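Please look through the sequence and the model below before reading on.

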Amino acid sequence: MKTITQLFLLATLLACQSKPSAQSDYPRMIGDIAFDKEQDDPDFKLCSGDKRAIQYYALSEKPYAEEKPALEKHFLDQYDAEKTTRESGLIRIRFLVNCEGQAGRFRIMGMDWDYQKKTFDTSITDQLMSLTKSISKWKGFSSKSRGLDYYNYLIFKIEAGQLKEIMP
Amino acid sequence: MIKYTYLSIVLLLGMTRLSAQDNCYAFYLAGDTCRYQACDFLEKAPSYFQLTREYHLIKDQALAICPEYSDIYRAKSTAYLKTGDFIQWKKLIDKAVELNPIEHLGYRAWCRFQFFRDYQGTIDDLEALNDLIDYNPGPCQNGFYNLNIAMALCYKMLGQKQKAIQIIEAHLADETQYTGVYDNLHLGVLYFEIGDLAAALKAFEAQEASGNLAENQYHKARVLEKLGQKEAQKEALEQALSLYQNDICMFDPYGHQVDKIFLSDIEAALNEL
């Protein structure tokens, strides 16, 4: 009995030491994008639910159906730098792609070259968001048992309003 | 084959660093009680995927034990890096650099280059690191480049091609350092871009001897075109196509490298013959 009590106490102690607190501001996974009825398309559906989306770098191949030059052309042919303010920094647009290759839940973030949060003028961000949403060539992926949804993002390098590079 | 070798290296490096599991006993022997206790805590804690809430909560608990344990900030920063959250990534990696600049400046520099194409920021970090050390800064995180080569590529992207060439040539002349898998390729492209075709060809041939890849043959074909060697140009492009179709080309799961080419580049060049 004494041994059992000691084992129970030890197990409790170990559990207390290693189990992280449930109270936190962290999302389930860093970078999770929850559905927001104010800004997201309610018709965009994930194939395997919110908790099973993977990251783009875990895919077996690059997520765009064509190679990067075609993606760059999509933006460079249509982005009009003449209409923009002369701002510089990085803009990231992150989103989910479902197993059918449809994209949704777009979120935008900007920074200056000190890596501080920056809200770019809409003359830049509206164009980039609109062009990102108009991409129709994201690949859909499936495993043997289910359709795969994944997080993807594009980062745009902007210099004086000009679109200089697209990553990744 | 290059792709799978690369993936293996990435996975191995990821396992050794991102788990933030140092040799705890080394801290103990050094009398570093703070890091020993935090390290010991992490060693006994369950493992979680680096993006999960649990992973970060455990790391936070370890930081509560030892706030000076810089590796933990770096480990936490990776989740933000890989999800493109440059702002939160930078806050965390800056903390790691502040606590241990020699250990983390090279890593921060590499991430600025690989993920954000922040060429000046990469150069600034590597210059700061070189001011602190009197030895070679060593390889980048994925092992494919020496950090000096990364610096050279940043100078190239900022238009300082002669400076980039000088750095790469100095690196290749240093017999104590390994030649990276793409070093001669980048050197050849740089020479081509400044119009030194003989030096470009020499570099591409060195790359061919140490590890041929589609990019090397493609850029070599550009030199051969300038030299008016049509047959050799065609042969190089056909090799480039074959290598590309067999996945023997530059590959990075997180993005695209400098001087990378694509199937459309090769096909366009072949169509122009």
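Which residues are buried in α3(A)? They are A:I124, A:L128 and A:T132, where buried means that 20 or more other C-beta atoms, placed from the backbone, lie within 10 Å of the residue's own, exposed means 12 or fewer, and partly exposed lies in between. This is a predicted model, in which local features need pLDDT of at least 70 and side-chain atom pairs count only at pLDDT 80 or more, while totals for chains, interfaces and linings use all residues. Residues are numbered from 1 along each chain as its sequence is written, and chains are lettered from A and ligands numbered from 1 in the order in which they are written.

Helix α3 of chain A covers residues 122-133. Its 12 residues reach 15 Å from the first C-alpha to the last, close to the 16 Å expected at 1.5 Å a residue; the expected span is 1.5 Å times one less than the number of residues. Seen down the axis of α3(A), the buried residues fall within an arc of 50°, so they line one face of the helix. The arc is taken over the directions from the helix axis to the C-beta atoms. On the other side of α3(A), A:T122 and A:S130 are exposed. The buried residues of the helix pack against β2, β3 and β6 of chain A.

Of these strands, β2(A) has 9 of its 9 residues buried, so it is largely enclosed by the rest of the structure. In a regular strand, side chains alternate between the two faces of the sheet. Both faces of β2(A) are covered, with A:G89, A:I91, A:I93, A:F95 and A:V97 on one side and A:L90, A:R92, A:R94 and A:L96 on the other.

Strands count as paired if DSSP finds at least two bridges between them. β2(A) pairs with β6(A) in the antiparallel sense over 9 bridges, and A:F95 stands opposite A:N152 in β6(A). β2(A) also runs antiparallel to β3(A), joined by 7 bridges. Across that pair, A:R94 stands opposite A:R107 and A:I91 stands opposite A:G110. The hairpin of β2(A) and β3(A) has 5 residues between the strands, and A:G101 takes a positive phi near 85° there.

Chain A as a whole has 3 helices and 7 strands, in the order α-β-α-β-β-α-β-β-β-β along the sequence. Helices (H or I, at least four residues) and strands (E, at least two) are DSSP runs, numbered from the N terminus. Buried residues make up 24% of the 168 residues in the chain. Two residues are in contact if their C-beta atoms, placed from the backbone, lie within 7 Å. Among contacts in chain A between residues at least 6 apart in sequence, 75% join residues at least 24 apart.

Chain A also touches chain B: 30 residues of chain A are in contact with 30 residues of chain B. Elements giving two or more residues to the chain A side include α1, α2, β2 and β3. The largest share, 4 residues, comes from β6(A). That side divides into 16 nonpolar, 6 polar and 8 charged residues.

Confidence is given by pLDDT, the predictor's score for each residue from 0 to 100. Chain A averages 88, and 86% of the residues score at least 70. Confidence is highest in α3(A), at a mean of 98, and lowest in α1(A), at 47. Over residues 7-18 of chain A, pLDDT stays under 50, and the model has 4 contacts beyond four places in sequence for them.

Terms used:
Ala, Val, Leu, Ile, Met, Phe, Trp, Tyr, Cys and Pro count as nonpolar, Asp, Glu, Lys and Arg as charged, and the others, Gly among them, as polar.
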